[in-house]
Amino acid sequence: MGQLRTSELLAALSVALDLTEGLRAGHALRTAYLALRLADRIGLPQDRRRDLLYTALLKDAGCSSNAAAVTRIFGIDDLELKARQALAGRSVLAMAYMSIRSLPHEPLPLQARRLISLAVSGTRERRAVEALRCERGADIARKVGCPDSVALSIMDLHEHWDGHGLPRGLRKEGIPLLSRIVAVCAGLDTFASVRGPAVARDVIRQRGGRWYDPALTRPLLELCNDGILDELRGPALKEQVFTADGDQAIAFASDADIDRIASAFADIVDAKSPWTGRHSQRVATFGERLARRFGFAGDRLRDVRIGALLHDLGKLGVPNTILDKPASLAPEEWAVIRRHPQLSREILKQIEIFAAVAEIAACHHERLDGRGYFRGLTAESLGLSARIVAVADVFEAMTAERPYRPPMREEHALAIMRESSGDHLAGEVIAALGDVDSLAA
């Protein structure tokens, strides 16, 4: 079966977190590399390097939890807004400018009302949204299996050296050292990726002693002078990062660790929208029960469960203005939705032993008659694992409670699904679904 280090799995899945933050793919991995190099420069003890690595890779684990709130407050694409926030200053003028730039295309009275609301309650709302994100990120880190030192470092990642950060206003050494290291490295990569290395160095220099620990900005700028930003484009970047996790390989013969990490990322996906609740978890429950009904065991059973948990991973790259839109979607919005299985596949196929998982996730919106998406596959190309997860996905959506309707009775949902048997969904899987006991999860 082979082995996979925890960091390799987290690095692959962290690309989904980069998408949710509106950042260039690989941001978390590059941040981890910068943080580990900075740790070498300041003499961070070796026994803290793994915690630093996991803090960097999971730093945005709570990012999906505030996406709906950000969209509600500003009324625009949360991915676009978060990308702007990552580059914005924190002064009243800077925040006002960003807010004005971020106003949706609404009639002038609605824009004025939104601006007034932001002026009156913007600071309070921003603190609450940031607290939600930080607390959720810490919870996810614990679910993944990280120690409290990592969870607390993620919790305090957006605090500032001078005490004007969020959400708790911690200052100086009151902020965990790992938080301070990852924060300055994340800032450097964000500005270098968007504005270029020269601007990035200037920003780090200007924010030293205010946003960032000056004892960290100086050695980080020295590393910049030595060419560290050029190293971020090197082919050996991943392996150099993973060496910090060298003795923590996960043997996939033991499914508990990989299941826990996949389950944590399923929670991240489901937190993106208030409409999805525990969708991914329930799809995995239904999918696993169906797979057992068909006699699946071992790796084949595991692949169905993990594929079901992570089938919607690509939705982290879909704006909430589309995910939560109460009205019908425009053609260009449907085009964005139709990309999410492709994004799931692109993220998961980075993990070599997830080849089957990536294909299962990629196929959950395909139809037997070839009218599904994103590839328009037909029955001949859709194996039983993919058919199982597709049925589980539809059944969960129909029987789950939503803010706009109560859950559909299982018998009613099955009756509707039988009508699509043979052209949309696999009849043999729908029949097995009716035979599985205690479907309610």
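Select helix α20 and then its packing partners: the buried residues of α20 pack against α16 (298-309), α19 (340-348) and α21 (384-399). Here a contact means heavy atoms within 4.5 Å, and helices (H or I, at least four residues) and strands (E, at least two) are DSSP runs numbered from the N terminus. Within α20, residues 355-362, the buried positions are V357, A358, I360, A361 and A362. Buried denotes under 20% relative accessible area, exposed over 50%, and partly exposed in between, with a 1.4 Å probe and protein chains only.

This is a predicted model, in which local features need pLDDT of at least 70, side-chain atom pairs count only at pLDDT 80 or more, and totals for chains, interfaces and linings use all residues. Residues are numbered from 1 along each chain as its sequence is written, and side-chain values use heavy atoms, with hydrogens and water left out.

Next, select S385, which is found in helix α21. Is this residue S385 buried or exposed? At 14% relative accessibility, S385 counts as buried. Leaving aside residues up to four places away in sequence, S385 touches F296, R300, V304 and I360; of these, I360 is one of the buried residues of α20.

Move on to the largest cavity. Its lining consists of C363, E366, L368, L382, A386, R387, A390, H424, L425 and A426. By class, seven of the lining residues are nonpolar, one is polar and two are charged, where Ala, Val, Leu, Ile, Met, Phe, Trp, Tyr, Cys and Pro count as nonpolar, Asp, Glu, Lys and Arg as charged, and the others, Gly among them, as polar. The space in this largest cavity is about 70 Å³, and the structure holds four cavities of 30 Å³ or more. A cavity is a set of points, on a 1 Å grid over the protein atoms alone, where a 1.4 Å probe fits but cannot get out; lining residues have an atom within 4 Å of a point. Grid points are joined across faces, edges and corners, and a volume is the space filled by probe spheres set on the points.

Now select helix α3, residues 49-57, where eight of the nine residues are buried. The buried residues are R49, D51, L52, L53, Y54, T55, A56 and L57. To see what they pack against, display α1 (6-20), α2 (27-42), α8 (148-155), α9 (177-195) and α13 (237-242).

A83, in helix α5 (residues 78-85), is the next stop. A83 is partly exposed, with a relative accessible area of 23%. Its contacts, not counting residues up to four places away in sequence, are E21 and G22.

For the cysteines, the count comes to zero disulfides, a disulfide being a pair of cysteine sulfur atoms within 2.5 Å. C224 is in no disulfide, and the nearest cysteine sulfur, that of C185, is 9.0 Å away. C224 counts as buried at 7% relative accessibility, and C134 counts as buried at 2%.

Finally, display the whole protein. Its secondary structure comes to 23 helices and two strands. Of the 441 residues, 54% count as buried. Among contacts between residues at least 6 apart in sequence, 70% join residues at least 24 apart.

Note on methods. 1 Å grid on protein atoms, 1.4 Å probe; cavity = no way out; pocket = protein on both sides within 12 Å on 5 of 7 lines; lining within 4 Å.
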